[in-house]
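Q: I'm new to reading protein structures. Could you walk me through one, feature by feature?

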Amino acid sequence: MAVAFPWYIGPSDQQSYVEYRKAQQEPPESYEGQRKLLETIVTLIRRNPAFLMHDMLWIRNKEGGRSRFNNWTFAQKRLYRIIRQQQANAKPVRAIILKGRQMGVSTECEGLLFWRTAFFRDATSMIVAHEEDAVENIFRMFRLYYESLPQALQPATEKFNQTEIVF
């Protein structure tokens, strides 16, 4: 099966990505096959947040509906690469973003926070904004990310209310 790899799949993730794509076309029927596929998906997610965002998460679009987070802007790709480079070099992530409107930076940053909080033990994230409405909008984005995950990938929650999600 020839696979064209998307921009966010590097050489170390290609074999897992091929297995994932193959299973989308021919889902495994056995319990063992399903378990192995789930392990492959979780490995891809933990190694590659762009895979999670692109292939699993939904966002609210400008028309008021929902769509997949799979139409990355130039600014999103550039910021993603800068952040991943800092992580690869075991550096703390630092980015000062002089943010223009409608570049998708908040959506991406919230996706990265969701990835880290949902898929890594003992991770905590907090939403801070200049206005209460902004906090609520960003939190709704986080909640939509959680709800858009396939149920088998959703972390168990201790709290899930209007102001807080605790995994």
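Predicted model: local features only at pLDDT ≥ 70, side-chain atom pairs only at ≥ 80, totals over all residues.

Q: Then what about T107: buried or exposed?

A: Use the cut-off of 20% again. T107 sits at 18% relative accessibility, so T107 counts as buried. You'll find T107 in helix α5. Leaving aside its neighbours within four places in sequence, T107 is in contact with I59, F69, Q76, M141 and Y145.

Q: How do I read the way α4 and α5 cross?

A: Picture a line through each helix, then ask how close the lines come and at what angle. The axes of α4 (residues 74-88) and α5 (residues 105-119) come within 9 Å and cross at roughly 35 degrees. The crossing is right-handed. On the α4 side, the contact is made by A75, Q76, L79, Y80, I83, R84 and Q87, while α5 brings V105, T107, E108, C109, L112 and W115.

Q: How many residues of that contact are nonpolar, polar and charged?

A: The contact of α4 with α5 has eight nonpolar residues, three polar ones and two charged ones.

Q: What should I know about a nonpolar core, and which residues have the most contacts inside the largest one?

A: The general idea is that in soluble globular proteins, nonpolar side chains tend to be buried together. In this model, the largest nonpolar core has 36 residues, and F51, L52, M56 and F114 have the most contacts inside it. The elements giving two or more residues to this core are α1 (14-25), α2, α3 (49-56), α4, α5 and α6 (132-148). Of these, α5 gives the most, with six residues.

Q: Can we zoom in on L52: which residues is L52 in contact with, leaving aside its neighbours within four places in sequence?

A: L52 is in contact with I45, L57, F114, W115, F119 and L149, once those neighbours are left aside.

Terms used: Residues numbered from 1 in each chain as written. Heavy atoms only, no water. Axes fitted to C-alpha atoms, helices over the stretch in contact; angles between N-to-C directions. Helix = DSSP H or I, 4+ residues; strand = E, 2+ residues; numbered from the N terminus. Left-handed = near helix turned anticlockwise from the far one by under 90°. Contact = heavy atoms within 4.5 Å. Nonpolar A, V, L, I, M, F, W, Y, C, P; charged D, E, K, R; others polar. Core = buried A, V, L, I, M, F, W, Y, C linked by side-chain atoms within 4.5 Å. Buried < 20%, exposed > 50% of the residue type's maximum accessible area, 1.4 Å probe, protein only.
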